[in-house]
Amino acid sequence: MIFHELFHLYRKYVLRLPQISARPGLPEHVAHNIDLLHNQIDHLSVVPQELVTYPDGEDYWVGLADNDLTANDPFDDHEMRRGNLLLSWIMISTVMPASDVAKRAWKLLQHRQLARTGRLLADAVRKANGDGPRIAAALFAELQNPKAEQVCLLRYDPATRRDELLSFPY
C-alpha cells in the first residue's frame with residue numbers, strides 16, 4: 001500500500017500531472033465528491049502500475065471492485081446509482097478486464113441498459129491514455145454529478161511550492 005500512495009504523490013509532485021479539484025468556494029460535500037472522482041481517475045494509472053510491481057495485490061483490488069458493485073444498489077437516487085455503476089465499470093474494465101467481477105459488472109450494465117454507455121465510456125478512457133483531465137471530460141459528458149463547471153485543475157509548481165490553478169478543460 002505504501003507503493004500505491006507514493007505513486008499518487010509521484011504523479012502529482014514529480015510528473016506534475018494536473019489534478020482534478022473542486023473550484024474554490026463550493027460546498028464541502030461537492031468538493032469531497034470531486035476529490036473522490038479524482039482519486040478514481042488517478043487509480044486508472046496507479047493500480048495497473050501497482051499490480052505490475054506487486055501482482056499479489058490483485059485479490060485486494062478485485063475484492064474492492066466487487067464491493068463497489070454491491071454498494072451501488074443502496075443509493076436512493078437513480079443518477080447516483082447509474083453514475084457509481086459506470087465509474088465502477090471504468091475501473092474494472094481498465095484494471096481487471098478478464099476477472100469474474102468484470103463479467104458480473106458487464107451483466108449489471110446490461111441489466112440496467114447501460115452496456116452501450118459503459119462501452120463508450122471505457123473506449124473514451126482508453127483513448128485518453130491516462131490523461132486525467134481528458135478522462136474527466138469524457139465522464140462529465142455522461143455523468144450528472146459532479147458537473148464540469150464545478151471543477152478546476154491544479155498543477156504543482158515546484159518554484160512556489162504551491163498548486164497553480166488551471167482552467168478545465170485545458
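In strand 3, E164 is the bridge partner of R155. The model is predicted, so local features need pLDDT of at least 70 and side-chain atom pairs count only at pLDDT 80 or more, while totals for chains, interfaces and linings use all residues. Residues are numbered from 1 along each chain as its sequence is written, and side-chain values use heavy atoms, with hydrogens and water left out.

**The hairpin**
- Strand 2 (residues 151–157) pairs with strand 3 (residues 162–166) in the antiparallel sense, over 5 bridges. Pairing requires that DSSP finds at least two bridges between the strands.
- Helices (H or I, at least four residues) and strands (E, at least two) are DSSP runs, numbered from the N terminus.
- The two strands form a hairpin with 4 residues between them. In the turn, R161 has a positive phi of about 60°.

**A buried charge**
- E50 is part of helix 2 (residues 28–53).
- E50 is buried but has no salt bridge. Its nearest side chain of opposite charge is R11, 11 Å away.
- Buried means under 20% relative accessible area, exposed over 50%, and partly exposed in between (1.4 Å probe, protein chains only).
- A salt bridge is a side-chain nitrogen of Lys or Arg within 4 Å of a carboxyl oxygen of Asp or Glu. Lys and Arg count as positive and Asp and Glu as negative; His and the chain ends are not counted.
- Leaving out residues up to four places away in sequence, E50 touches F3, H4 and W61. Contact means heavy atoms within 4.5 Å.

**Aromatic rings**
- Rings of Phe, Tyr and Trp (its six-membered ring) pair if their centres lie within 6.5 Å; planes under 30 degrees apart count as stacked, over 60 as edge-to-face and the rest as tilted.
- By this rule there are 7 aromatic pairs. The ring centres of Y60 and W61 are 5.0 Å apart and their planes are at 85°, so this pair is edge-to-face.
- Y60 is partly exposed at 43% relative accessible area, whereas W61 is buried at 6%.
- F140 and F168 are also edge-to-face, because their ring centres are 5.6 Å apart with planes at 90°. F140 lies in helix 7 (residues 132–142) and F168 in the segment after strand 3, so the pair ties together parts 28 residues apart in sequence.
- One aromatic cluster is formed by F3, F7, Y10 and Y54.

**Positive phi angles**
- Most residues other than glycine have a negative phi.
- R16, in the loop between helix 1 (2–14) and strand 1 (19–22), has a positive phi near 55°.
- N129, in the loop between helix 6 (115–128) and helix 7, has a positive phi of about 50°. N129 is exposed, at 68% relative accessibility.
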